[in-house]
Amino acid sequence: NNGLPAKLVLGVPELRLSHSGENIASQILEILDSYEILDKLGYITLDNAANMDSAAEEIAKARGLDASKRRVRCFGHVLNLVVKALLFGHKTEAFEADVDGEAGLDAAQHEVWRKKGPIGKLHNLVHWIHRSDKLTYRLRALQEEFFQHSESPKDRGRRPLDVVLDNHTRWLSTLYMIRRGLKLRPFLEDLGGGVAEAFDGNAEA
């Protein structure tokens, strides 16, 4: 209204069809048209998946634009891929496929993650706590006991925290898992024996 540039994030409805580039482009074009801003479209920023390439081509075609000149790579996605390569090696997609491909083989998944060093070991620890009510309640109890016996009023007013489970579809989830793990480190170390016993029992089963 005041003539100054503004930034507005538009919510995109859930795409119930196949997430092909054509379907994604159709949904985006419909939204831009409904807001009467389709003619203002100049550049397209998407992540680096193959279906995003075809979506960019379809959107550019609808506006009579050259997709090769109007397609902007998502730096956030590039950075995410670089960090995953540093954490888990260059073949991150193959690694994720190994983990996701055999959902029932928990012991096998544990071993795959264990080979990934400290991050993988933390993942395993968080995984077993998250799936066990007994371990979750025990982790909370360890924190509550510490808070109750602390001489700090600030500590006595704190509430226990749960672990944060990472997953490969949510960017930064590994970072959030690590941050929470560092906060809970002394309690996780106390809990470590119980998790080891839980895994050993599962592996034997």
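Reader: Where does glutamate 36 sit?
Author: In this predicted model, glutamate 36 lies in the loop that runs between helix H1 (21-34) and strand E1 (44-46).

Reader: And is glutamate 36 buried or exposed?
Author: Glutamate 36 counts as exposed, because its relative accessibility is 68% and the cut-off for exposed is over 50%.

Reader: OK, which residues form the negative surface patch?
Author: That patch is made up of Glu30, Asp33, Glu36 and Asp39.

Reader: Why does leucine 29 count as buried?
Author: Its relative accessible area is 18%. Buried means under 20%, so leucine 29 falls on the buried side.

Reader: What is leucine 29 in contact with, leaving aside its neighbours within four places in sequence?
Author: With those set aside, leucine 29 has contacts with Leu38, Glu58, Ile59 and Ala62.

Reader: How far apart are leucine 29 and arginine 63?
Author: From C-alpha to C-alpha they are 9.6 Å apart in space, while in sequence they are 34 residues apart.

Reader: New topic: which helix is serine 173 found in?
Author: Serine 173 belongs to helix H10, which covers residues 173-183.

Reader: Buried or exposed, that serine 173?
Author: Serine 173 is buried, because its relative accessibility is 1%.

Reader: What does serine 173 touch, not counting residues up to four places away in sequence?
Author: On that count, serine 173 touches Asp166 and Asn167.

Definitions and conventions
Residues numbered from 1 in each chain as written. Predicted model: local features only at pLDDT ≥ 70, side-chain atom pairs only at ≥ 80, totals over all residues. Heavy atoms only, no water. Patch = residues over 30% accessible without salt bridge, like charges linked within 9 Å, V, L, I, M, F, W, Y side chains within 5 Å. Areas by Shrake-Rupley, 256 points an atom, 1.4 Å probe, with all protein chains shown as cover. Salt bridge = Lys/Arg side-chain N within 4 Å of Asp/Glu carboxyl O. Lys, Arg positive; Asp, Glu negative; His and termini not counted. Charge placed at Lys NZ, Arg CZ, Asp CG, Glu CD. Helix = DSSP H or I, 4+ residues; strand = E, 2+ residues; numbered from the N terminus. Buried < 20%, exposed > 50% of the residue type's maximum accessible area, 1.4 Å probe, protein only. Contact = heavy atoms within 4.5 Å.
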